[in-house]
There are 2 protein chains.
Amino acid sequence: MSSEFELIERYFQRRAGDSATVSLGIGDDCALLDVPHGQQLAVSMDTLLIGVHFPHNTSAFDIGYKSLAVGLSDLAAMGATPAWATLSLSLPQLDSNWLADFSDGFFQLADHHQITLVGGDTVKGPLSITVQVHGFIPSGAALKRSGAKVGDLICVSGRIGDGALGLKMALGEINTQSKPLEKLNRPEPQVALGLALRNRAHSCIDISDGLAADLGHILKASGVGALLHADQLPLSQELQQQPRAAAEQMALFGGDDYELCFTISADFLQKLLTQKSLPKITLIGQIEAEQGLRIEHHGRIKTLSPNGFDHFEHR
Amino acid sequence: MSSEFELIERYFQRRAGDSATVSLGIGDDCALLDVPHGQQLAVSMDTLLIGVHFPHNTSAFDIGYKSLAVGLSDLAAMGATPAWATLSLSLPQLDSNWLADFSDGFFQLADHHQITLVGGDTVKGPLSITVQVHGFIPSGAALKRSGAKVGDLICVSGRIGDGALGLKMALGEINTQSKPLEKLNRPEPQVALGLALRNRAHSCIDISDGLAADLGHILKASGVGALLHADQLPLSQELQQQPRAAAEQMALFGGDDYELCFTISADFLQKLLTQKSLPKITLIGQIEAEQGLRIEHHGRIKTLSPNGFDHFEHR
């Protein structure tokens, strides 16, 4: 590693912060970390590439922000409290403006969620960012994909489809207001909701690949099926201004929303909704014994595959 | 992620193995892991690029092996017991032969050290491999860079300089026997030695950047200096066949050796050397109060910088 790249490391090291659970942070062969007694460790690693996970015109700030946001969203989906992050940056050249903006984005979110940067790597190569997040969960309390039960209500947080609408805007395909673009670039990981769902929700996942695909993962892992109601999908004002079919397509198959989709009993949903400071939560369907994912639209029921509508059926 | 890339994930998932400390492995938003009570967690992340960290003609098996080996070497340098790995692969295309060979190399070393693959990512992009390793150390027993004391003896494991000689062979600059090339491509992380050094060595680092640079990290972190003896450097037969100046250059500045360099009291070194099944250990110098790194050669003393000889001095 060149001394230039060592400078980068020191730059990140200076802003890494500290925490009672970090015995030794950046600067030795390994970081030394303490998991509190009675807690399990949740970890998730994601690699993000420009042109694949970000449109080419994404700002360095937004790249830094989103590199951490996708991992925090995984922690939220398990009901974990964020603790530490590691960051590996592959950079084609040393651009101090880019790095300053990238780290501003990264640390804005890191500081907000009190997640400490404890290590990583910096190499010279094609632009690529790998982040691993680490969080704590009381042993046995994690929200898994595999716990959905027949009769569970299916809920999502916030609005869905704006990630896909934002991408169309970033690519210049649609010109509308800037909100969905902001949501694409700076999604808000639903960490507080994940914590509120512990010991309440039966299953949970974050919406990264699209509602149909991600709910599909819950159904497969739990061995159940589901029926959604198209009219219940929580669409933003901007998305409602699009043609209805296109809007539904983006909400169901778009992805990049980083909202939570969870299944819960009616009793627990009622209790959850009395809690303050939670994001908007919308009931969109229920878990059924019959395998597969279906959506009801004015009394007609269609079967959904993870990537599109499969066929029509009536019942 | 395309379904092709999901196939890759399933391929790795199948060989990931299991462990009593893994509550939930690959396949949910996060892995769920248990750190045994009384143990600290040591983590290290490395990104390896073809053409930077591997010569372009490196086999997929060796890339898989070495991607894990460099992290295991970091765990060894802290005295940690390997536990879990995460792996993110950026691949330009789906080449099942390459993947089979890569994973053979990765899992050969993983199985040998009983380290469990618990998660990661697979993306389509320029070839790049990021591995994070996780290990356990009884709280407070980690070997750090910062503990070297004046009067400590400086030791290295195995032979040094073969990484650099192997690289010259891989690049076609030198044609000699294949052993150093094997050592470059399949370094043996000194995990057992790291465990034996717990509560004995005062400081430890693995030799990745070169003896002078890595020992320099210990000296800086500990606020001390050192004197090495050129004649004591443990050089392989192959390296000894090179011109002496070139051989020393490779041993001091070459890197990619993944041996351990540690400082220890004479008493504890004596005890260590009575232990069975340890690698070759060579005494190469001692820690001094005077800052800086020096090397003695037939009574003459030179000052070393991390990357080369700085100047001569007599004393």
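Analyst: In this predicted model, a residue counts as exposed when its relative accessible area is over 50%, and as buried when that area is under 20%.

User: Why does Ser277(B) count as exposed?

Analyst: The relative accessibility of Ser277(B) is 73%, and the cut-off for exposed is over 50%, so Ser277(B) belongs with the exposed residues. This serine is found in the loop of chain B between α10 (266–273) and β11 (281–288), and its phi is near 60°, a positive value in a residue other than glycine.

User: Why is Asp256(B) called buried?

Analyst: Asp256(B) has a relative accessible area of 17%, and because buried means under 20%, the residue is placed in the buried class. Asp256(B) also sits in a loop of chain B, the one between α9 (244–253) and β10 (260–264), and although it is not a glycine, its phi is positive, at about 60°.

User: Turning to chain A, how many helices and strands does it have, and what makes it as compact as a globular protein of its length?

Analyst: Chain A contains ten helices and 14 strands. Its radius of gyration is 20 Å, which is close to the 20 Å that the globule rule gives for 315 residues, and therefore chain A is as compact as a globular protein of that length.

User: What share of the residues in chain A is buried?

Analyst: Of the 315 residues in chain A, 58% are buried, which means that their relative accessible area is under 20%.

Notes. Residues numbered from 1 in each chain as written. Chains lettered and ligands numbered in written order. Predicted model: local features only at pLDDT ≥ 70, side-chain atom pairs only at ≥ 80, totals over all residues. Heavy atoms only, no water. Helix = DSSP H or I, 4+ residues; strand = E, 2+ residues; numbered from the N terminus. Rg over C-alpha atoms; globule rule 2.2 N^0.38 Å. Buried < 20%, exposed > 50% of the residue type's maximum accessible area, 1.4 Å probe, protein only.
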